[in-house]
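Welcome to a short briefing for anyone who likes to start from the atoms. Have a look at the sequence and the model first, and then we can walk through a few local features together.

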Amino acid sequence: MDYKIKSGDTLSALAKRYNTDVDSLVKANPNITNKDLIYAGATLNIPGSKDEFQAQGATNGPNLTGGTQQTQGSQAVGDVPPGQVGDWIKQAMDILKANGVPTDKMNPQDIAKIIQHESSGNPNAINNWDSNAQKGTPSIGLMQTIQPTFDAYKLPGHDNIRNPVDNIIAGVRYSIERYGSVSNVPGIKGLNSGSGYVGY
């Protein structure tokens, strides 16, 4: 998986976040000549990140992610990915749909891509190094929400930021409120345009 290095990143912190080690990161990135010196904005290859799912491409169903094709009614766009993360996405989408969220605003493939880039599918992921963490509100869970955002966008009865389904619910509601749909999140648009993922 490719990761865009952010200001404040270190190889040791990234290795811990993605369940690998510094030597593996250096080996997978021959452009790194000094393991104590990486540059913000550069792309880092994260080898063998422990994903619990595979984000499926267009070959697994109709490609409705690019915004060029129309959906009908409130039909979900894209297939739910297989595996544990896909099961969590399906559960969250069912709860969101029951609470009036249109399924055409929450493409499961795009939710999976956000999860892949934000937490590698680890519901216990926590970011203790960025500006949010420095302010006392680290990003937590599958979709890396901070507590105030989670509290603002959670649904009643889904109050645990570390619960994968609850975290997806809040992250999706936030994405729809801020960007209009999950597919409009800047990181998804970046992946679709080839410029790469950026956090939301």
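This is a predicted model: local features need pLDDT of at least 70, side-chain atom pairs count only at pLDDT 80 or more; totals for chains, interfaces and linings use all residues.

**Helix α7**

- Helix α7 covers residues 164-179, 16 residues in total.
- From first C-alpha to last, α7 reaches 22 Å, which is close to the 22 Å expected at 1.5 Å a residue.
- Of the 16 residues of α7, 13 are buried, so the helix is largely enclosed by the rest of the structure.
- Just after α7 comes G180, with a positive phi of about 95°.

- S119 belongs to helix α4, which is made up of residues 108-119.
- Is S119 buried or exposed? S119 has a relative accessible area of 2%, and because buried means under 20%, S119 is buried.
- Which residues does S119 contact, leaving aside its neighbours within four places in sequence? They are R17, A125, G141, L142 and Q144.
- S120 lies in the loop between α4 and β3 (126-127).
- S120 is also buried, at a relative accessible area of 3%.
- Most residues other than glycine have a negative phi. S120 is not a glycine, yet its phi is positive, at about 55°.

- Q144 is found in the loop that runs between β4 (139-140) and α6 (147-153).
- The phi of Q144 is positive, at about 50°, although Q144 is not a glycine.
- With a relative accessibility of 7%, Q144 counts as buried.
- Q144 is in contact with S119, and Q144 is also among the lining residues that lie nearest the centre of the largest pocket.

**The largest pocket**

- How much space lies in the largest pocket? The volume is about 340 Å³.
- The pocket is lined by 16 residues, and those nearest its centre are D130, N132, S139, Q144 and Y200.
- By class, the lining of the largest pocket divides into 8 polar, 4 nonpolar and 4 charged residues.

Key: Residues are numbered from 1 along each chain as its sequence is written. Side-chain values use heavy atoms; hydrogens and water are left out. Helices (H or I, at least four residues) and strands (E, at least two) are DSSP runs, numbered from the N terminus. Buried means under 20% relative accessible area, exposed over 50%, partly exposed in between (1.4 Å probe, protein chains only). Contact means heavy atoms within 4.5 Å. On a 1 Å grid over the protein atoms alone, a cavity is a set of points where a 1.4 Å probe fits but cannot get out, and a pocket is an open set with protein on both sides within 12 Å along at least five of seven lines; lining residues have an atom within 4 Å of a point. Grid points are joined across faces, edges and corners, and a volume is the space filled by probe spheres set on the points. Ala, Val, Leu, Ile, Met, Phe, Trp, Tyr, Cys and Pro count as nonpolar, Asp, Glu, Lys and Arg as charged, and the others, Gly among them, as polar. The expected span of a helix is 1.5 Å times one less than its number of residues.
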